[in-house]
Amino acid sequence: MKFIKEIKNTILIIFVTLALSACSTGKKSGVAIDGDVYTGKDTVEYLAKGVPDRIFFATNKSGLTTAARATLRKQSTYLRKNKDLNVTIEGHADERGTREYNLALGERRANAAKDYLMTYGISGKRISVISYGKERPANTASTPLAWSQNRRSVTVKVN
Amino acid sequence: MTKSLIYSVSFHLVIILLTVLTLPFMIRQPIELPPIVSVELIQISDTTNIPYAPKARKVIEKVKKEEKRVVSEQAPPAAKAKEKPDRIPMPEDNKEEKKIVKKKQNPEEIKPEIRQSSEFEKKEIIDTNQIAALIDKAKEEAALVEKNSNKITQSNQKNSFATGLTLTQEDALRAQIFGCWSVPLGLPYDGDLLVRIKLQLKQDGTITKSEILDHERMNRPGQKFYKILAESALRAVRLCQPLKVPPTGYEKWKELQLNFDPTEMLKG
Amino acid sequence: MYKKFLFTFIILFHSSLANALIEVDITRGNLDPLPIAVSPLYVDPKSENIKDIKTKSLGEEVSKIIEKNFKSTGLFNPLNKDAFVQKPDIAHLKPRFEDWRLIKAQALVTGKLNVKDGKLKVEFRLWDLTASKEMIALAFTTTPGNWRRVAHIISDKIYERLTGEEGYFDTRIIYVAESGPKNRRVKKLAIMDQDGANTKYLTLGNELVLTPRFNPANQMVTYLSYFRNLPRVYLLDIETGQQEVVGNFPGMTFAPRFSPDGKKIIMSFAKDGNSDIYTMDIETRVVEKITEHSSIDTSPSFSPDGKYICFNSDRSGLQQIYVMKSDGSDVKRITFGSGLYGTPVWSPRGDLIAFTKVRKGKFYIGVMRTDGSGERLLTENFYQEAPSWSPNGRVLIFYRETKSGPSGEGFSAKLWSIDITGYNERKIDTETDASDPSWSSLLSK
């Protein structure tokens, strides 16, 4: 009995592994999502060469991923170099939440980015934040990929 | 003192003169006797946007107070009119309309009058409670008796086939009325929704008399739904006429009580 | 003592009578729409013509509006006019009940109107055809331009007389009119009659506007505007067009609503990424902080007695609905079901809270009791939210967005309504795409 069970388990494990690897190969070929945070380069613009303007978030979350931190550190270096430059950080959410909650969520994401920039020595006075909630999607499709690209905060030069 | 007396006398003379002048005019009317109906006049403000502006509300409150006084002053003649409906002519020349003045039965009913324009105040008569009033008049005595039986709801012992209808006969009748009864919305889920109707039937199942027991509940404050419910039940039996009654045993079912209660259905 | 004896006697007497009487219990009926005939109103041939209004056809028009209102409730079935046998003037005078019963009508609406000295006078009667008697009769005078409102008020009176509930036809809806591509949507405040007529645009669309809500007097609107890229709660006087920012907050204010007495605005204020709920007294400008929590607290809505506030918060980690006293004390979570809950709105009757629920990628509009029990989901869709109550607490209006294609095509936002029983879901026609509806109270009360 036990033996049969073990065989069953082994088969199951093999099957699952195969299934998972199929998934990951699928990702590599097209979709760049880790968890549900976007990791690709589509829709991304640049403040300067090598300085991406945006970071991405998980659904309903405002925590910064490792990739987001790296991007923000690049932004802080750039801002330190350009002392006269002020920025606005726009917070956004995907279309899969209620409008009012999304406004608050966008605000929280923009502030997460702002706080991180400040810990790297950028004065809070140079940074303003604004939330657009779900009002200004970067990708207008109704797909999980588009939603991941819309859960973002974008640093925009103002002068 | 004398001055006011003169005013009073001349004013009354004018009124009497007017009445005398207008009465014959009324008598000369077309032969067809129109129904006596009353119409409540409501003035809709020109500005469509602010029915409730704070200022306006204050004005309304003020008017309300004044109107209340007026109403109470007018009440005695109105009460008289109820007993003996006086027909008074319409000020405009739509001859077909007669108005009867009725004493307000319900303090709530005073409210609409406040919205009347002063222009029409004297001319138009209100009675939104007409049906209830009519029923009241007709059933005053019954009310006295029934008052005490309020607590008697559906009696547990049903006199179905033992004394009158067989179960199939009862079911046929019930099914018939199910189909005719449009249950109104807006009923409270927790209220007592029992409406008892007593019918007197002819042998062919047509109704000679229908009577709502507990009908005085219809005019009780906070029981507005009861009136609507009772009316819907009455509509149902009338709509169902002639009722599916057994071919025999007329003596047993010539009087029939229907207990309408949608509670189960609403909870369902 | 004697009286008591008499009563006992009467009861005894009566119950002995009752024993002889056959009783039949009727515990079921039908919920089929009530067949009702709406006769065109008779127009006095001596009526004056007023510019832009064809007085002659006004009787027909008024009856059509009444029919449309009735039909939209799902409770009435207005009968085809082709079958009508009596002329409007005679029907209004004294209907031949048997004729109307013949076409299976149970109720009949008749009326007449005239325009004299620049005033419109409309009179109507509602007849109970089974009992062959009048149920209600009313007359209205107004300026002729108000003729549509008269039709709505008549509808309200009849609805109330037949259902026992207050009507909701003489009302308006304020909403956000949308146009343009999904990522550059142009949004304007728009106001229309409940039946979709008389649409007027209150803003030009130069800046983003969201979530308009009426005050109890229907004269002011509070909403969110991105004027000068500063998202703030604004107050707009519909009559004068005057606008002002609500309060002097150093950051985004949003999700505004009026208190039931119309004196305060309740809203969220976001500071350093944390949104809390505040109230501001419109007259005294006194601001009070109601919630104090490091989470997102938003979408507040007062109970009709003003004693409680419901709102949504993610303090538990996920967006859920909470109820608290209006001073912010006694916060209680009321939703525990699986999924997210948002946009709670207290019903005008006070017994229910309507909400949006998100679960497994689907959006639901639902209602529950104010303690969170008795949850009923009324409708499921790809995306829908923001329910607003009809003034009688019978119907909810909300907006629904469609799924869009790879480049945003096929996207639309429309207003829908549904009865709180879950029946009678219908789309509300608007000139443009529409979202964020807010239902006014009755304009004439």
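Author: Residues are numbered from 1 along each chain as its sequence is written, and chains are lettered from A and ligands numbered from 1 in the order in which they are written.

Reader: What average pLDDT does chain B have?

Author: The term pLDDT denotes the predictor's confidence in each residue, from 0 to 100. For chain B the average is 60, and 41% of the residues score at least 70.

Reader: Over which residues of chain B does pLDDT stay under 50?

Author: One such stretch is residues 24–38 of chain B, with 23 contacts beyond four places in sequence; another is residues 66–162, with 116 such contacts. Two residues are in contact if their C-beta atoms, placed from the backbone, lie within 7 Å. Where pLDDT is low, the predicted coordinates should not be read in detail.

Reader: How many residues of chain A are in contact with chain C?

Author: In chain A, 20 residues contact 34 residues of chain C. Helix 3 (99–119) and strand 7 (127–133) of chain A are the elements giving two or more residues to this side. Helices (H or I, at least four residues) and strands (E, at least two) are DSSP runs, numbered from the N terminus. Helix 3 of chain A supplies the largest share, ten residues.

Reader: Is C:Ala137 buried or exposed?

Author: A residue is buried if 20 or more other C-beta atoms lie within 10 Å of its own, exposed if 12 or fewer, and partly exposed in between, with C-beta atoms placed from the backbone. C:Ala137 is buried because it has 24 C-beta neighbours inside 10 Å. This residue belongs to strand 7 (residues 133–142) of chain C.

Reader: Which phi does C:Ser132 have?

Author: C:Ser132 is not a glycine, yet its phi is positive, about 55 degrees. C:Ser132 sits in the loop between strand 6 (119–128) and strand 7 of chain C and is partly exposed, with 15 other C-beta atoms within 10 Å. C:Ser299, also not a glycine, has a positive phi of about 50 degrees. C:Ser299 lies in strand 19 (residues 297–302) of chain C and counts as buried, with 32 C-beta neighbours inside 10 Å.

Reader: What kind of peptide bond joins B:Gln241 and B:Pro242?

Author: That bond is cis, with omega about -10 degrees. B:Pro242 is placed in the loop between helix 8 (224–240) and helix 9 (250–253) of chain B.

How values were computed: Predicted model: local features only at pLDDT ≥ 70, side-chain atom pairs only at ≥ 80, totals over all residues.
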